[in-house]
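Please look over the sequence and the structure below before reading on. The briefing that follows is grouped by topic.

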Amino acid sequence: MTDGLITRIKDDIVLYGALAANVGIAVAKFVAAGITGSSSMLTEGVHSLVDSGNQVLLLYGQSRAKRAADTAHPFGYGRELYFWAFVVAILIFAVGAGVSIYEGYRHIIAPEPLSDPLINYVVLGVSALLEGTSWTIAVREFSRAKGDLGWWQAVHQSKDPAGFIVLFEDSAALAGLVIAALGVWASHAFGDPRIDGAASIAIGLILALVAVLLARESKGLLIGERADPAIIASIREIVQAHPAILAVNHVRTIHTAPDSIFAAISADFDDSVTMGEGEAIIEVLETRLRDAVPTLASIYIRPENSAAAAAAAVSQSAPHP
């Protein structure tokens, strides 16, 4: 039991690291905001609290996604993680950004008297240290997963939202800490507490931008995205290499989970192949495909004449009245 718990923590180290950091940071920020009355500190506290809730939701989504397939969901529950990732994006926008912008506006309209900013600087410094640790873990794990891809390309092609969500959240958190520190300093330097409120609005706008980007990526995963083009090319090559296959008409894939792919393959078999021989050939191809691409959870190979497949493709692409 202990070994299983350790394994789960290692698998989700990015989420656990971010959760531990954000819970501690949220408490410290709320205490500092209560003592000093700083709008940007209160905003940062809400930000960290929302981030903590997001990590809990993603961990819950990870757990739900690992349930075994059943008759109601024959391809498993893997895409449930994508649903919770979309919920996280909505929470960041509605709660994180919304509260931040509202608090900033409220403090501009009715600014509170300035107080000693020392506790704010201490909390911001500790927060930067903890957020920086979480951010470093997220960057390291995502860098290892992305391989040779560029950062944005890797985010766009990633099928595991937990990694890039934490990366985006921590990056936004570090930017928010810098803005909050500048807001506190400028408020005291110029004797105008409204600057602190403006800093809170700026933090809210950053969160809104991050939420929009996350929602966009999560939506694509929730609707269904194809496998990596290199995987599709490998599938086509393996099937095409069999001497009984005259042509591969199409390879259609969809991720049913971050590490689970469904592949539907249309192939033109040699006309001399009997039904029994075709079944044996399909079994051989499925074995070769799973050996080459372990993430192929479900494979469907359909014998189909190339001309018929082409006609069907044209019919499907034609506009319907």
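The accessible surface of the protein chain comes to about 16000 Å², and 66% of that surface belongs to carbon and sulfur atoms; accessible areas come from the Shrake-Rupley method with a 1.4 Å probe, and for residues only the protein chains shown count as cover. This is a predicted model, in which local features need pLDDT of at least 70 and side-chain atom pairs count only at pLDDT 80 or more, while totals for chains, interfaces and linings use all residues. Residues are numbered from 1 along each chain as its sequence is written, and side-chain values use heavy atoms, with hydrogens and water left out.

**Overall form**

- The protein chain holds eleven helices and three strands; helices (H or I, at least four residues) and strands (E, at least two) are DSSP runs, numbered from the N terminus.
- Along the sequence these elements follow the pattern α-α-α-α-α-α-α-α-α-β-β-α-β-α.
- The radius of gyration of the protein chain is 26 Å, whereas a compact globule of 321 residues would have one near 20 Å; the radius is taken over C-alpha atoms, and the globule rule is 2.2 Å times the number of residues to the power 0.38.
- Taken along the principal axes, the C-alpha atoms of the protein chain fill a box of roughly 90 × 55 × 35 Å.
- Of the 321 residues of the protein chain, 43% count as buried, where buried means under 20% relative accessible area, exposed means over 50%, and partly exposed lies in between (1.4 Å probe, protein chains only).
- Among the contacts in the protein chain with a separation of 6 or more, 73% come from residues 24 or more positions apart, a contact being heavy atoms within 4.5 Å.

- Helix α3 covers residues 39–65, and because its 27 residues at 1.5 Å a residue should span 39 Å, the 38 Å between its end C-alpha atoms agrees; the expected span of a helix is 1.5 Å times one less than its number of residues.
- In α3, 20 of the 27 residues are buried, so this helix is largely enclosed by the rest of the structure.
- Helix α5 (residues 118–146) has 29 residues that should span 42 Å at 1.5 Å a residue, and its end C-alpha atoms, 41 Å apart, agree with this.
- After α5 comes Gly147, whose phi is positive, near 65°.

**Residues of helix α2**

- Asn22 is placed in helix α2 and counts as buried, because its relative accessibility is 0%.
- Leaving aside residues up to four places away in sequence, Asn22 touches Ser48, Asp51, Ser52, Gln55 and Glu131.
- Asn22 and Asp170 are 148 residues apart in sequence, while their C-alpha atoms are 9.5 Å apart in space.
- Gly17 is also found in helix α2, and with 21% relative accessibility Gly17 counts as partly exposed.
- Between Gly17 and Val166 there are 149 residues of separation in sequence and 9.7 Å in space, C-alpha to C-alpha.
- Ile35 has its place in helix α2, which covers residues 13–36, and Ile35 counts as exposed because its relative accessibility is 55%.
- Val23, Val27, Val31 and Ile35 make a nonpolar surface patch of about 350 Å²; patches are made of residues with over 30% relative accessible area and no salt bridge, with like charges joined within 9 Å and nonpolar side chains (Val, Leu, Ile, Met, Phe, Trp, Tyr) within 5 Å.

**Salt bridges**

- Side chains of opposite charge can pair when their charged atoms come close.
- The count comes to eight salt bridges, a salt bridge being a side-chain nitrogen of Lys or Arg within 4 Å of a carboxyl oxygen of Asp or Glu.
- Arg64 and Glu80 meet through their side chains in a salt bridge (3.0 Å, N to O); this pair links distant parts of the chain, with Arg64 in helix α3 and Glu80 in helix α4 (residues 80–109), 16 residues apart.
- Arg64 counts as partly exposed at 29% relative accessibility, whereas Glu80 counts as buried at 18%.
- Arg144 counts as exposed, at 62% relative accessibility.
- Asp192 and Arg194 form a salt bridge in which the closest N and O atoms are 3.0 Å apart, and Arg194 counts as partly exposed at 44% relative accessibility.
- Salt bridges that share partners join Arg64, Arg67 and Glu80 into one network.
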